[in-house]
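Hello,

Here is the structure I said I would pass on. Please have a look at it first; my notes follow below.

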Amino acid sequence: MNTLNQEAPERQEIEALLPWHAAGTLSRKDAEKVERALRSDRELARRLDLVREELHETIHLNELLGHPS
């Protein structure tokens with residue numbers, strides 16, 4: 001099954017969940033939904049990689065800010 005054949009709203013919903021999936025904060029049901037979509041859609045998996053990179057960079061930059069005085 002190719003995600004390109006999925007309806008656009010469903011794919012958009014999955015894509016919107018990627019930041020929470022990357023952070024590990026999705027419910028089990030939503031996480032499984034995202035995982036199923038990722039197995040069948042390389043582009044979606046690529047986007048998840050980008051989200052993870054962005055999350056890592058955001059954390060890194062926030063850590064560089066240090067603690068408030």
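Contact here means heavy atoms within 4.5 Å. On that basis, among contacts in the protein chain between residues at least 6 apart in sequence, 53% join residues at least 24 apart. Keep in mind that this is a predicted model.

The overall layout comes next. The protein chain has 3 helices and 0 strands. From the N terminus, its elements run α-α-α. Of its 69 residues, 20% are buried. The chain exposes about 5500 Å², and carbon and sulfur atoms supply 53% of that.

Now the core. The largest nonpolar core holds 9 residues: I14, L17, L18, L26, V34, A37, L38, L44 and L48. Leaving aside neighbours within four places in sequence, L17 touches L26, D30 and V34.

Next, the α2 and α3 pair. Their axes lie 5 Å apart, at an angle of about 120 degrees. On the α2 side, the contact involves A37, L38 and S40; on the α3 side, R42, L44, A45 and L48. By class, that contact has 5 nonpolar, 1 polar and 1 charged residues.

Last, the loop residue D41. D41 sits between α2 (28-40) and α3 (42-65). Is D41 buried or exposed? D41 counts as buried because its relative accessible area is 5%, and the cut-off is under 20%. A polar atom of the D41 side chain lies 3.0 Å from the backbone nitrogen of L44. L44 is also one of the core residues.

Best wishes

Notes. Residues are numbered from 1 along each chain as its sequence is written. This is a predicted model: local features need pLDDT of at least 70, side-chain atom pairs count only at pLDDT 80 or more; totals for chains, interfaces and linings use all residues. Side-chain values use heavy atoms; hydrogens and water are left out. Helices (H or I, at least four residues) and strands (E, at least two) are DSSP runs, numbered from the N terminus. Buried means under 20% relative accessible area, exposed over 50%, partly exposed in between (1.4 Å probe, protein chains only). A polar contact is a pair of N or O atoms within 3.5 Å; within protein, one must be able to donate a hydrogen and the other to accept it, and residues adjacent in sequence count only if both atoms are side-chain atoms. A nonpolar core is a set of buried Ala, Val, Leu, Ile, Met, Phe, Trp, Tyr and Cys residues joined through side-chain atoms within 4.5 Å. Axes are lines fitted to C-alpha atoms, for helices over the stretch in contact, and angles run from 0 to 180 degrees between N-to-C directions. Ala, Val, Leu, Ile, Met, Phe, Trp, Tyr, Cys and Pro count as nonpolar, Asp, Glu, Lys and Arg as charged, and the others, Gly among them, as polar. Accessible areas come from the Shrake-Rupley method with a 1.4 Å probe; for residues, only the protein chains shown count as cover.
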